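The entries follow in the order in which I made them.

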Amino acid sequence: MFKQLRKWCGSLIPQTQPAAAPRCAFERLEDRQLLSAAISNISADNRGMVMLHVTQDLNATTVNTKTVQVLVGGQDGQLGTRDDLRKKATVRYSAATDTITISSKLPVNTRYRVLLVGSKIKGTDGKALDGEFKGANRRSGNGTPGGNYDISTKTAKTPVARFVTSDGIMDVTLFKSQVGLTVDNFIHYANQGVWDKTFFHRKTTMLGDGLAVIQGGGYFITGSNTIDRVPQDQAGVLLQDSLSNVRGTISMARTSDPNSGSVEWFFNTENNSDVLDHGKQGGPDSPGYAVFGRTNAAGLVTMDKIAAHDKVSASGDTHIDPVVNGTAIRYDTALTDLPVKNAALFNARNTTGTPRFEPNTDAIKITRVAIKMSVIKTA
């Protein structure tokens, strides 16, 4: 290649000058400065959890509660003024995922401010964070290291629920304008945090069951590694089955009573419209299942990952059944189609003919379900 360039352009070392002007010239490359670490996107929910993704590895010792702050409005009720109040928060940084996670216990739907002190947060290269906020899904910064990342939250116009699971995240747009009663029911329970520390307890497939779903919302994992029912504090919601159960939608689970939908829900992992829509399980007026949201493209990847897990049966496992007033409540009967992380590990425990479900080891967990908030630059 070098010889070809010399032949075409002439000598690269100007010891002698050709009579004719050279046909090309080699110019010095422009000096380049490596970019500092920046925030690439942010997600904040209405119960005080924030996830920020950074563009490169940070020095973990510089990411702490002094350099990452959560504030609420003071007496003037405004964010970004001198009387803003610092709130206690937990700050975690993961180099594996380049994510800063902030958790603070705030009353639901409280507006709050997140401040990252750019001059104090350093990349592993020693350069300060380039932090000026440019948008929720845009790289932060102005090209000069050390600027603060300073945002405030507000209620989003369109409600979006974020499901944080052991297999990834699903952001689900809720169809408030079409099925408001069902969405209000879902938001009510999400705001209570009832689905934190729950798990997917049912998986069905088109091949054997006539429909394909992954179902959750019914059971949470206790501190003693057993399970209990998710609490229900209001009556079932009036059935709104006007939307179609196509792939990627979320619907309310229910009993044979059309108006019994409450805390359990399922994702349609395939197109189940021919089975679950209005008029499909009997006559033209037979009730269907109430679709109330749909996940985005990234959420479909997580959904499919969850649906790809093997399922087992925990029927007969009595150690997870609580005893109430001397009577065992048989939860194991609801776990006959239980998706698990490792079916071989689950089955290896069945040495006496009795299965044993270890939720913290086996379950496809749902860490948190909350409603996302919009983020704007702090004034």
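I looked up the largest nonpolar core: among its 32 residues, Phe163, Phe186, Trp195, Trp265 and Phe267 touch the most other members. Such a core is a set of buried Ala, Val, Leu, Ile, Met, Phe, Trp, Tyr and Cys residues joined through side-chain atoms within 4.5 Å; buried means under 20% relative accessible area with a 1.4 Å probe, protein chains only. H2 gives the most to this core, with 5 residues. I also noted a second, separate core of 28 residues, which includes Ile39, Ala44, Ile100 and Tyr149.

The model is predicted, with local features needing pLDDT of at least 70 and side-chain atom pairs pLDDT 80 or more, while totals for chains, interfaces and linings use all residues. Residues are numbered from 1 along each chain as its sequence is written, and side-chain values use heavy atoms, without hydrogens and water.

I then turned to H2, residues 180–192. Helices are DSSP runs of H or I with at least four residues, strands runs of E with at least two, numbered from the N terminus. I noted Phe186, Ile187 and Tyr189 among the buried residues of H2. The buried residues of H2 pack against strands including S9 (160–165) and S23 (365–377). Just after H2, Gly193 has a positive phi of about 75°.

For Trp195, I listed contacts (heavy atoms within 4.5 Å) beyond four places in sequence; Phe186, Tyr189 and Trp265 are among them.

Last, I checked Thr204 in strand S12 (residues 202–204). Thr204 counts as buried because its relative accessibility is 3%.

Key
The expected span of a helix is 1.5 Å times one less than its number of residues. Buried means under 20% relative accessible area, exposed over 50%, partly exposed in between (1.4 Å probe, protein chains only).
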